[in-house]
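Colleague: Please take a close look at the aromatic rings in this model. Start with the chain as a whole, then go through the pairs one by one.

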Amino acid sequence: MKTIVSGKERVAPWVAKKLFARFNADEAIGLERDGEMIAGVVYEDWNGASFVVHIAVQGLLTPAYLAAIFHYPFVYCGASKLIAPVAESNEDSVRFVKKLGFREEARLHDAHPDGSVLLMTMTPDQCRFIGEKHGKRLAIATASA
């Protein structure tokens, strides 16, 4: 069974380990299968308009989880933009965030040991995971938790 979990103390260390990184997390939302973390999103650097997000996945995501990870910043916090820094050399991650709906907005040359960092961004109007359809999935998942 898959369960959505929140809490930066629980989720952020798992994401950091998967991404070989350190974070100053404001919040984090994870997805567990049978008690084991399979996905996590860390939100940091909230400035009243945007979050920097870090995403790690090692399993299939649920529609309710997708609704939750975008509902939190866009609906609950009122963010106008998400920024996902991704190493250009990490082709799987670039492809994944593009599939989620992020778009390349900027490129920081030589900002990663393997080359450039892409700043992939998303705005609420570009996000297909918020709104009535996905809101119902989130409500159902919350009610059954």
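Modeller: Of the contacts in the protein chain (heavy atoms within 4.5 Å) with a separation of 6 or more, 55% are between residues 24 or more positions apart. This is a predicted model, so local features need pLDDT of at least 70 and side-chain atom pairs count only at pLDDT 80 or more, while totals for chains, interfaces and linings use all residues. Residues are numbered from 1 along each chain as its sequence is written, and side-chain values use heavy atoms, with hydrogens and water left out.

The protein chain has 4 helices and 7 strands (DSSP runs numbered from the N terminus: H or I of at least four residues for helices, E of at least two for strands). Along the sequence, these elements follow the pattern β-α-β-β-β-α-β-α-β-β-α. The radius of gyration of the protein chain, taken over C-alpha atoms, is 15 Å, which agrees with the value near 15 Å for a compact globule of 145 residues (2.2 Å times the number of residues to the power 0.38). Along the principal axes, the C-alpha atoms fill a box of roughly 45 × 30 × 25 Å. Of the 145 residues, 42% are buried (under 20% relative accessible area, 1.4 Å probe, protein chains only).

Now the rings. Phe, Tyr and Trp (its six-membered ring) pair if the ring centres lie within 6.5 Å; planes under 30 degrees apart count as stacked, over 60 as edge-to-face and the rest as tilted. That rule gives 8 aromatic pairs. One of them is Tyr 43 with Tyr 72, a tilted pair with 5.0 Å from centre to centre and 55° between the planes. Tyr 43 lies in strand S3 (residues 36–44) and Tyr 72 in helix H2 (residues 63–76), so this pair links distant parts of the chain, 29 residues apart. Tyr 43 and Tyr 72 are both buried.

Phe 70 and Phe 74 have ring centres 6.5 Å apart and planes at 15°, so this pair is stacked. Both of these residues sit in helix H2, and because Phe 70 and Phe 74 are 4 residues apart there, about one helical turn separates them. Phe 70 and Phe 74 are both buried as well.

Tyr 43 and Tyr 72 also belong to a cluster: ring pairs link them with Trp 46, Phe 51 and Tyr 76.

Terms used
Buried means under 20% relative accessible area, exposed over 50%, partly exposed in between (1.4 Å probe, protein chains only).
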